[in-house]
Amino acid sequence: MARQILDGIRVLELGQLIAGPFAAKTLADFGAHVVKVEPPGQGDPLRKWRMLHEDTSVWWEAQSRNKQSIAIDLRQPEGQALVRKLASEADVLIENFRPGTMEKWGLGWDVLHADNPKLIMVRVSGYGQSGPKRDEPGFAAVAEAMSGLRYLTGEPGRPPVRAGLSLGDTIAGLHGALGVLLALYERDARGGEGQVIDVALYESLFNLSESLLPEYSAFGAVRQPAGGALPGIAPSNAYLCGCGEYVLIAANGDAIFRRLMAAMGRNDLGEDPALARNDGRVKRVDEIDAAITAWTKTQTVASALEVLRTADVPSGRIYTVKDIAEDPHYRARGVIETVTSAKGLQVEVPGIMPKLSGNPGGIHDRAPTLGEHTDSVLADAGFDAAAIADLRTRGVIA
């Protein structure tokens, strides 16, 4: 196996649930040595989220692969001292508590940076470490609303809907992982020190907002929900077929639009000079969408896709997870992998992404049981067996 690109980078993960742990998972997939600190007893609440197998979430197998688990009670001063010791030897610390929590435990940036000037600290929160909303609780759903995403998601005139996934958390996790890579480059390639990476859930989503703010700033335009369409870009929508299912067609390129119209037998639209460019098509998008729908209603999804692929028009069916699991392209690309849980259950999980040609990363360890590595991690940190046993007897570790 090729050398993993983050081999030798030590990450201490204090986060729970999704955002912080997703950042750590991303780093672990490419070779970082991740030690996850969990509270004794139940551990990370994600262990009990959604569908369980023998009392453990199958989601856990995807989110916590390639990590080690150490159970420390951070409410106790000795537990806080243990984390401070581990952080003094780490390259990266990731936390996603409410701002001020780490400081309350004596684990704020000033303390950790003094112990370890090379430490990089990722701090993920709902609203960031500063600003008037700093101390408010922030979950992904609220961040999606504040970022403007939730307002746009849904059908015109109907209540906004969520995407069905915790996008605010995972996208914030990706921003955190990106921040780590930038900070590691500054530290290791340019001789710098460690620094804080301040990631806010709402800002991570706002970063994806494309033309939303420039259009408001320049024109006072407030973009409205548009269902499956992409406002200002035409045609791009989900179109109902005669079989009762939808086909996604993205024919917003000028030449692609002409090919689509020809394939539909609507050269009158394809050759119309007023529709040759996107700005002209946007003015008549309802007419264009109606023409496409009239055609798709004469087709099944399968027959429509055959015509569209022959015409080289970007298109696709709307996938369920069953479609994903059965799709040969997913399999050929290696983005579905199988792991075996501690209880022996084989579970399919998303593979390693993005794909690096020279250092592709990999899944090398299953998700840990709670506190599975407490003894080995503390032994590596210099604690002898008697000290570890004493800490366990007093409930500091588990």
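Guide: A salt bridge here is a side-chain nitrogen of Lys or Arg within 4 Å of a carboxyl oxygen of Asp or Glu. This is a predicted model, where local features need pLDDT of at least 70, side-chain atom pairs count only at pLDDT 80 or more, and totals for chains, interfaces and linings use all residues. Residues are numbered from 1 along each chain as its sequence is written, and side-chain values use heavy atoms, with hydrogens and water left out.

Visitor: How many salt bridges does the structure hold?

Guide: There are 34 salt bridges. One of them joins R394 to E78, with the closest N and O atoms 2.2 Å apart.

Visitor: What does R84 pair with?

Guide: R84 forms a salt bridge with D115, at 2.5 Å from N to O. R84 is in helix α3 and D115 in helix α5 (residues 109–115), 31 residues apart. D115 has a relative accessible area of 32% and is partly exposed; R84, at 36%, is partly exposed too.

Visitor: And which residue does R317 meet?

Guide: R317 bridges to D323, and their closest N and O atoms are 3.5 Å apart. R317 is partly exposed at 40%, whereas D323 is buried at 14%.

Visitor: Which residues are linked in a network of salt bridges?

Guide: R10, D91, R187 and D188 are linked that way.

Visitor: Switching to rings. How many aromatic pairs?

Guide: The count is 3 aromatic pairs. Rings of Phe, Tyr and Trp (its six-membered ring) pair if their centres lie within 6.5 Å; planes under 30 degrees apart count as stacked, over 60 as edge-to-face and the rest as tilted. W49 lies in the loop between β2 (33–38) and β3 (52–53), and W59 in helix α2 (residues 59–63).

Visitor: Why is the Y127 and Y202 pair called tilted?

Guide: Their planes are at 40 degrees, so the pair counts as tilted, and the ring centres are 6.2 Å apart. Y127 is in the loop between β7 (120–125) and α6 (140–146), Y202 in helix α9 (residues 201–206), 75 residues apart. Both Y127 and Y202 are buried.

Visitor: What sits over the ring of F22?

Guide: The charged end of K25, 4.9 Å from the ring centre. The rule asks for NZ of Lys or CZ of Arg within 6 Å of the ring centre and within 35 degrees of the ring normal. R281 lies over the face of F257 in this way, at 5.1 Å.

Visitor: Last topic, the overall layout. Which domains is the protein divided into?

Guide: Domain 1 covers 10–208 + 335–394 and domain 2 covers 236–317; these bounds come from an automatic or database domain assignment. Their C-alpha centres lie 44 Å apart.

Key:
Helices (H or I, at least four residues) and strands (E, at least two) are DSSP runs, numbered from the N terminus. Buried means under 20% relative accessible area, exposed over 50%, partly exposed in between (1.4 Å probe, protein chains only).
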